Amino acid sequence: MPAQLLLNLFIAFLWMLLIDEDELRASTFAAGFFVGIGILFFMHRFFGTRFYLRRVYSAFKLLFIFIRELVQSSVVVLGQILSPRLKIEPGIFKYETVLRSDVEITMLSMLLTLTPGSVVMEVTPGSDALYIHAMDVQESREGLIKQLKNFEKAIMEVTR
């Protein structure tokens, strides 16, 4: 990905220099950048990797998934807090993950910890399972597992 981005910036800079203008303009650089995107899109198979803008798109998609899950879990926690009687059963459960690298597991743990009502307590030494403390295990466990699956899929799109 960094090689494709650098090559795209080089194409844009070269485009800006080859266009015969009296001064350097950002619009000319942007046009060269878009020309470079087109060139790299048609030639990315020669690099042996995915087209780099797909990974950027996946990163934005992960951000929007996180924001959606953050809002949903905040509403659930707010409902629990505002209810006249607190009827939760906090607990710990083990979640088997398909993520393997330290970066992926750390990203999953941080995304889950940032959403209210749950926290990752421990990662197993083999990095294949997480111990998660949930605010209401009986009712939120299935939703939390669904949320973890969504995060895992989006993280794998970004990192692999």
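# Salt bridges, helices and sheet

Arg 68 has a relative accessible area of 42% and is therefore partly exposed. The structure described here is a predicted model. In this model Arg 68 pairs with Glu 69 in a salt bridge, and Glu 69 is buried, with a relative accessibility of 8%.

**Charged pairs**

Side chains of opposite charge can pair when their charged atoms come close. The table includes the pair just named and two others.

| Salt bridge | Closest N and O atoms |
|---|---|
| Arg 25 and Glu 23 | 3.7 Å |
| Glu 69 and Arg 68 | 3.2 Å |
| Glu 104 and Arg 160 | 3.0 Å |

Between Glu 104 and Arg 160, the closest N and O atoms are 3.0 Å apart. Glu 104 belongs to helix H4 (residues 102-114), while Arg 160 is in the segment after helix H5 (137-159), so this pair ties together parts that are 56 residues apart in sequence. Glu 104 has a relative accessibility of 3% and counts as buried because the limit for that class is under 20%. Arg 160, with 45%, counts as partly exposed. In the salt bridge of Arg 25 with Glu 23, Arg 25 is partly exposed at 42% relative accessibility, and Glu 23 is likewise partly exposed, at 48%.

**Helix H1 and its surroundings**

Helix H1 covers residues 2-18, which is 17 residues. From its first C-alpha to its last, H1 reaches 24 Å, close to the 24 Å expected at 1.5 Å a residue. Which residues of H1 are buried? They are Gln 4, Asn 8, Ile 11, Ala 12 and Met 16. Viewed down the axis of H1, these buried residues fall within an arc of 135°, so they line one face of the helix. On the face turned away from the buried side, H1 carries the exposed residues Pro 2, Ala 3, Leu 6 and Leu 18. The cover over the buried residues of H1 includes helix H2 (26-43) and helix H3 (52-82).

Leu 40 is a residue of helix H2 and is buried, with 1% relative accessibility. Not counting residues up to four places away in sequence, Leu 40 touches Gln 4, Leu 7, Asn 8, Phe 47, Phe 51 and Tyr 52. Among these contacts, Gln 4 and Asn 8 are also listed with the buried residues of H1. The C-alpha atom of Leu 40 is separated by 9.2 Å from that of Leu 5, although the two residues are 35 residues apart along the chain.

**The sheet and the helices on it**

An open sheet is formed by three strands in the order S1-S3-S2, with antiparallel pairing. Strand S1 (91-96) and strand S2 (118-123) stand at the edges; each has a single partner strand, so one side of each is left without a neighbour in the sheet. From one strand to the next, the twist averages 30°.

S1 and strand S3 (residues 129-134) run antiparallel and are joined by six bridges. Within this pairing, Gly 91 has Ala 134 of S3 as its bridge partner. Helix H4 packs on the sheet and touches S2 and S3, its direction making about 150° with that of S2. Helix H5 lies across S1, S2 and S3 and runs at about 30° to S1. H4 is also the helix that holds Glu 104, the partner of Arg 160, which lies in the segment after H5.

Notes
Residues are numbered from 1 along each chain as its sequence is written. This is a predicted model: local features need pLDDT of at least 70, side-chain atom pairs count only at pLDDT 80 or more; totals for chains, interfaces and linings use all residues. Side-chain values use heavy atoms; hydrogens and water are left out. A salt bridge is a side-chain nitrogen of Lys or Arg within 4 Å of a carboxyl oxygen of Asp or Glu. Buried means under 20% relative accessible area, exposed over 50%, partly exposed in between (1.4 Å probe, protein chains only). Helices (H or I, at least four residues) and strands (E, at least two) are DSSP runs, numbered from the N terminus. The expected span of a helix is 1.5 Å times one less than its number of residues. The arc is that of the directions from the helix axis to the C-beta atoms. Contact means heavy atoms within 4.5 Å. Two strands pair if DSSP finds at least two bridges between them. Axes are lines fitted to C-alpha atoms, for helices over the stretch in contact, and angles run from 0 to 180 degrees between N-to-C directions.
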